[in-house]
Every structure is written in C-alpha cells, then in structure tokens.
Amino acid sequence: MPARFAPALIVALLLGSLNALSGAAPAALPYPWKAGVAKATVTPTEPIWLAGFGSRTRPSEGVRQDLFVRAVAVQDADGTTAVLTTLDLVGIERELAETIATQCEQRFGLKRDRLILNVSHTHSGPVAGLVLMPLYELDATQREVVRRYTQFLLERTVATIGAAIADLAPARLEFGQSLAGIAVNRRRARQRSLPGPVDPDVPVLAVRNPAGALRAIVVGYATHATTLNDYLINGDWPGYAVAEIEREHPGATALFVQGCGADANALPRRDEELTRAYSRILAAAAAEVLRNRMTPLAGPLRTTFNRVDVPFQTPPTRAQLESRLQDSNRFIRLHAQRLLEELARDGRLPDRYPYPVQVWQFGRGMRLVALGGEVVADYALRLKREHGFDNTWVAGYSNDILAYIPSRRVLEEGGYEGGEAMIYFGRPAPFTPEVEETIVAEVRRLIRHTDIVPAGDGGSPQVRR
Ligand SMILES: [Zn+2]
C-alpha cells in the first residue's frame, strides 16, 4: 500500500464501516462549515450575437445547450461568508462585475473580497456587457438585444448569489487534485517554433452535507472553450463537462472554474463529439479525485481583493492612429477609431490598468488565487511553484476579462497573446514586461495578508497581518 494511505485514513475508513454497520450517527464534522448552492439558467431567449470569434456574421440560430450561472456560498465558524460564482460566458468586464458586486453588498452584505465571478470562456455564449466589443460589428438592433440580455444576466446572477447564501446549511468541505490532458499550448499552432507549457491540474473542491452526500463539485481546468464555433448557443466543453459531472453525481451541482488557459486550446476541435470527449475526460479526472484524493478542509476562511496598476507600453500618437484609419485590416481601423474617440473625450489614453487580484485562504489546506483577464499558463505554474503545488489553486478569467495577460516570456517571444489580441479588447498598447512581476508581487502580498500560520504548541491558527 502506498505511503500516502496514512494510518489516520485507514482508521477513518474502518470507523466509516463500523458506523455503517451499527447505523450510528456520522462522526462530528471536521470543521463547522456551512455551505449553500444555487443554479439558474441564463440562456438567451432571443437570437443574439455569439461572443469570442470575430468571424461570425449573424446572430445565434438556436440553443444546443442551456447556459447557467452557478454559485456556492461558504461560511466559516466566525460567520465569514464568501460566494464563488461561475458563468457560462466568454467574459465579464469590470463595469458589469462591479455592478453585480455592489448589488450583492447592498442586498446581502457581501463584501467585494468575498465574491469571485469566474467565466468559463465559452465561445458559444452571448455577447454581454462590453467585453471584446471591438471584435463585433453590431447594428442598433443587436446592440439593444445585448443591452436587454446584460440586464437579465445581472438580475439572474445577483438573485442566484442571494439564493446560495439563503441555502447555507452545515457542510463538509474537501479538496484534492488530479491531472487531465485536454489542454495543448496553442501558440505552436500559429508559429511552430513557439511551444510552451500548460497547467494540467484538475483541482476539485467538494461540498458535502454532514452525512457525506455531495451537494456541489467545483472543478478547475485551464484551457480555452473554443471547440465549437457555429451559431448554436452552448457552454462548449466546460458546459458539457459540468453536465456530465452532474449526471454522474445526481443531486450535486457542478461548477467549472476556468484557470490560466489563455495560451491553451483543447485540440483538435470543431466537432460536438470532441466536445463531449473532453467533457468526459474532465469528469473522469474529477471522479478520480472524489473517489480517493480528498482531504477535509478546516477554516478559518480569509479573503482579500485588490487592484494593482499594470503598465501599458507607450500608446500610439494621434498621427499614428489617424494613419491606421487607412489600414487594410478592419479590426485595426475600428481600434484606431475607438482610441481616437477616447483621446478626444479624455485628452489622453490610459498608461496603466487597475488589475484585479483576489485570494481566498481555506485554513491551512487550500488557497484559491483568482486573477483577472485571460492569463497564460506561466502564471499558474510560477505561483504554484512559489506557494505550493499541493494546495494552491490558480484561476484566471475572474472578475474582469480586461485583456490577455502575457508573462514576460510570452511578451518577449511575441505572438498573439501579448500583442495583436490587445486590439480586440480595445486596449491602447501591449503591457510592459513588468506585468508579470507586478502581478506576482501583488499575489505574494495578498497571500501574506491572508496566510494562516500555526500559533505554535497546538494553539488555534492565527491570521498574519
Ligand atoms: Zn480567449
């Protein structure tokens, strides 16, 4: 028997069987968590432009799969409540995320640092809010459809977060990880000399009731959701994966948390059967973790959120922008037009962006780092190397999908993620190579802020300030 099957686990298994034989009540909870779960559809009810690809030329033509907002609320013994919310969307931008957060604070007393909004990055969901607007040419009718949908999404999301909080009841939390081989570093597809890493980890947070039944299964993975690109609404492979996990675990709600998958694709693609295949791979990895790799989490829960300025390179001048209005590339013309309007309105173009970084620390067992934007794999691998591969979960695509977030390596190599992609997000210029150190240093600072260190001599954990 491998060494990791520790005596404590064997004792726990034996006690479990004894309990089952004698019909005794389950042992006391390892930690008095409470948890609540909620889920609602956010499927558009009318034809709407689908997000993520610039190549689509007309609105959606039907629904292949419903889209959802899903929320898990957790509360520690001190009453600290936080809600992890996942959305089947390509992105959510700062304005919409902050409107949701403000309403949640007003209605439920939920502070900003206690709400994570993560998107799956499905490229078969609707355009919502302002994300990637320079990528689409919407007429007045379509803009109005997007405005209506965004309002509906806002209301549904806030209501679902409220429903998760209202559902709080005694719970066990468990964490474990596996690996899955769905992601391919996609930079090689554009330039074969540019292979790069992926983050193959499958972190799983299980929420069980006191008797052990699964209520929620939160699963992370890092790769684009770009398998399908037609005109039917669906959650792409992450949407199929959570549906598969829910089928395998009746009564439980599954949530997908997108990781640092900006430079990864699930390949090959463009086929619904492949989408289902990737979903089965993720579901199998999650099932493996749930079967034999879970460790109970204790509290307390510590949360923090901050914005740190990341600098852009020198923005183009008015003369440079005016000459781009003649460019043969439609997107470069639209981008120049937009920046000229910004310049006329504000007198200058921004030289930095207030980038959101969030850390949740679950006792000493697991920390969840949630980063804004489309984050490349280098960040996940570096942060796990610095803070622990076993208990650090790094999500991207959280709170504000402002742009791609390249590492220093990706910026220096060149290519889409650090360069051309900035156009589609309407940003004035690429980030400077300091983007990586700036973000990594802020994560380090927030982890120090939330870290729970032993008090020594078996005392209760203390929060280091
Ligand atoms: Zn993307």
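## Helix 5 against helix 6

In helix 5, the residues Asp236, Trp237, Tyr240, Ala241, Glu244, Ile245 and Glu248 meet Glu272, Thr275, Arg276, Tyr278, Ser279, Arg280, Leu282, Ala283, Ala286 and Ala287 of helix 6, where contact means heavy atoms within 4.5 Å and helices are DSSP runs of H or I with at least four residues, numbered from the N terminus. The residues of this contact divide into 9 nonpolar, 2 polar and 6 charged, with Ala, Val, Leu, Ile, Met, Phe, Trp, Tyr, Cys and Pro counted as nonpolar, Asp, Glu, Lys and Arg as charged, and the others, Gly among them, as polar.

The axes of helix 5 (residues 236–248) and helix 6 (residues 272–292) come within 8 Å and cross at roughly 50 degrees, the axes being lines fitted to C-alpha atoms over the stretch in contact, with angles from 0 to 180 degrees between N-to-C directions.

## Basis of the model

This is a predicted model, in which local features need pLDDT of at least 70 and side-chain atom pairs count only at pLDDT 80 or more, while totals for chains, interfaces and linings use all residues. Residues are numbered from 1 along each chain as its sequence is written, and side-chain values use heavy atoms, leaving out hydrogens and water.

His123 lies in the loop between strand 5 (115–119) and helix 3 (140–166), strands being DSSP runs of E with at least two residues. His123 is buried, with a relative accessible area of 5%, buried meaning under 20% with a 1.4 Å probe and protein chains only. Not counting residues up to four places away in sequence, His123 touches Ala51, Gly52, Phe53, Arg56, Val90, His224, Ala225, Thr226 and Leu228.

Definitions and conventions:
Buried < 20%, exposed > 50% of the residue type's maximum accessible area, 1.4 Å probe, protein only.
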